[in-house]
Amino acid sequence: MNHTSLEIFRVVAEELSINRAARRVGRVQSNVTTRIQHLEEELDVQLFIRENRTLRLSPQGKKFLAYANKILSLAEEARQSLHPHHPGGALAFGAMECAAASRLAQPLAAFSRACPAVQLSFTTLPTRQLTEKVQSRELDCALVALPVNEEGEALCPEGLSCLPMFVERLMLLQSAAAAEGSAPSRKLAAFVDGCTYREIALRLLAGGKGERPPEVQAVGSYHSMLACVASGNYCCLLPQSVLQLLQLPPGLSATPAGSAVTQFIWRTESHSPAVESMRRTLLATSDWAES
């Protein structure tokens with residue numbers, strides 16, 4: 001078992017296709033297949049279940065993938081730590097959809113100019129999924145909206161560090177009739193479970209009176225949320241910074257609904273120069289101190 005074999009295994013696990021994995025790593029399919037077979041022989045387990053020309057991870061494969069991610073992440077971090085003043089290597093960065101839409105164009109461009117040797121990969125997911133990926137070393141750092149306690153303090157999971165970056169003014173978007181109370185919305189358009197804004201909206205709409213929570217329509221983008229609200233049957237909760245980017249149709253009402261803080265999270269034990277460079281780049285555009 002060596003570093004290259006672990007990298008190939010991880011790519012195959014992500015793609016669940018030998019053909020696509022071979023293209024990603026720049027190798028012929030037979031070489032990738034042989035690497036996986038040798039790894040399975042060395043470990044004496046079946047890492048993948050092969051059915052009708054499809055691949056899926058076996059239970060042992062899922063367990064091994066978690067360790068492979070840790071090993072590869074530590075190896076990359078160790079390599080980077082030897083050159084603290086010259087960030088390089090791979091950096092897996094994630095963010096909520098709202099941060100990607102309204103906060104990241106300028107800092108990511110600045111990061112690319114300042115750290116040309118860093119190979120940046122970027123993904124968007126809800127807060128809970130992003131947090132889990134940072135914990136499992138699938139991501140190095142992320143922008144999330146952590147849940148808060150009764151005092152409004154961020155609940156940062158053990159093993160992670162967090163730093164407030166952006167304050168988002170939340171807006172409840174609904175039809176004008178719903179805002180006036182003549183035709184209240186009983187459906188919520190929101191991202192999938194794991195989105196902090198979704199949980200805030202559900203608490204807001206329940207009103208703390210034991211009312212039945214609204215029906216939730218899971219959508220994949222803010223434009224889809226807007227389309228649902230425009231139909232007249234839905235409401236949604238979104239940051240004002242995103243609302244300013246959308247072209248609202250007539251007949252909708254936006255009402256202030258509190259605020260949320262976007263936090264930059266990373267593993268406390270990490271000493272990656274690339275993560276530190278990303279932190280400094282985001283701080284340059286942060287509005288936290290202004291709040």
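# Chat about a predicted model

Biologist: Let's start with Gln263. Leaving out residues up to four places away in sequence, what does Gln263 touch?
Modeller: Gln263 touches Ala142, Leu143, Val144 and Leu146, along with Ala154, Cys162, Leu163 and Pro164. Keep in mind that this is a predicted model.

Biologist: And where does Gln263 lie?
Modeller: Gln263 belongs to strand 10, which covers residues 252-267.

Biologist: Is Gln263 buried or exposed?
Modeller: Gln263 has a relative accessible area of 8%. The cut-off for buried is under 20%, so Gln263 counts as buried.

Biologist: OK, zooming out. How many helices and strands does the chain have?
Modeller: Twelve helices and ten strands make up the secondary structure of the chain.

Biologist: What does the C-alpha trace span along its principal axes?
Modeller: About 70 × 50 × 35 Å.

Biologist: What share of the chain is buried?
Modeller: Of the 291 residues in the chain, 44% are buried. As for contacts, take the ones between residues at least 6 apart in sequence: 72% of those join residues at least 24 apart.

Biologist: Now Glu168. Where does Glu168 lie?
Modeller: Glu168 sits in strand 6, residues 160-175.

Biologist: Buried or exposed, that Glu168?
Modeller: Buried: the relative accessible area of Glu168 is 1%.

Biologist: Which side chain makes a polar contact of 2.9 Å with the side chain of Glu168?
Modeller: That's the side chain of Arg103. The side chain of Glu168 is also joined to the side chain of Ser241 by a polar contact of 2.8 Å.

Biologist: What else is Glu168 in contact with, leaving aside neighbours within four places in sequence?
Modeller: Besides Arg103 and Ser241, the list has Ser102, Tyr197, Pro239, Gly258, Ser259, Ala260 and Thr262.

Biologist: Tyr197 is in a helix, I think. Which residues of helix 9 are buried?
Modeller: Tyr197 is one of them, and the others are Thr196, Arg198, Ile200, Ala201, Leu202, Leu205 and Ala206. Helix 9 runs over residues 196-206 and is mostly covered, with eight of its eleven residues buried.

Biologist: Switching to the N-terminal end. How many residues does helix 1 have, and how far does helix 1 reach?
Modeller: Helix 1 has 13 residues, and its first and last C-alpha atoms are 19 Å apart, close to the expected 18 Å. At the start of helix 1, a side-chain oxygen of Asn2 comes to within 3.2 Å of the backbone nitrogen of Thr4.

Biologist: At what angle do the axes of helix 1 and helix 3 cross?
Modeller: Roughly 105 degrees, and the axes of helix 1 (residues 3-15) and helix 3 (residues 29-43) come within 10 Å. So helix 1 is roughly perpendicular to helix 3.

Biologist: Which residues make the contact?
Modeller: Helix 1 brings Thr4, Ser5, Ile8, Phe9 and Val12, while helix 3 brings Asn31, Val32, Arg35, Ile36 and Leu39. Sorted by type, the residues of that contact are six nonpolar, three polar and one charged.

Biologist: Which residues of helix 1 are buried?
Modeller: Ser5, Leu6, Ile8, Phe9, Val11, Val12 and Ala13.

Biologist: And what covers the buried residues of helix 1?
Modeller: Helix 3 is part of the cover, which also includes helix 2 (18-25), strand 1 (48-51), strand 2 (54-57) and helix 4 (59-81).

Biologist: Which residue follows helix 1?
Modeller: Leu16, in the loop between helix 1 and helix 2. Leu16 has a positive phi of about 50 degrees although it is not a glycine. Most residues other than glycine have a negative phi. At 36% relative accessibility, Leu16 is partly exposed.

Biologist: What about the phi of Asp44?
Modeller: Also positive, about 60 degrees, and Asp44 is not a glycine either. Asp44 is in the loop between helix 3 and strand 1. With 69% relative accessibility, Asp44 counts as exposed.

Biologist: Last one. Where is Gly88 found?
Modeller: Gly88 is in the loop between helix 4 and strand 3 (89-95). At 9% relative accessibility, Gly88 is buried.

Biologist: What does Gly88 touch, not counting residues up to four places away in sequence?
Modeller: Glu76, Arg79, Gln80, Ala117, Val118 and Ala274. Glu76 is twelve residues from Gly88 along the chain, and their C-alpha atoms are separated by 9.6 Å.

Methods: Residues are numbered from 1 along each chain as its sequence is written. This is a predicted model: local features need pLDDT of at least 70, side-chain atom pairs count only at pLDDT 80 or more; totals for chains, interfaces and linings use all residues. Side-chain values use heavy atoms; hydrogens and water are left out. Axes are lines fitted to C-alpha atoms, for helices over the stretch in contact, and angles run from 0 to 180 degrees between N-to-C directions. Helices (H or I, at least four residues) and strands (E, at least two) are DSSP runs, numbered from the N terminus. Angles under 35 degrees count as roughly parallel, over 145 as roughly antiparallel, 65 to 115 as roughly perpendicular and the rest as oblique. Contact means heavy atoms within 4.5 Å. Ala, Val, Leu, Ile, Met, Phe, Trp, Tyr, Cys and Pro count as nonpolar, Asp, Glu, Lys and Arg as charged, and the others, Gly among them, as polar. Buried means under 20% relative accessible area, exposed over 50%, partly exposed in between (1.4 Å probe, protein chains only). A polar contact is a pair of N or O atoms within 3.5 Å; within protein, one must be able to donate a hydrogen and the other to accept it, and residues adjacent in sequence count only if both atoms are side-chain atoms. The expected span of a helix is 1.5 Å times one less than its number of residues.
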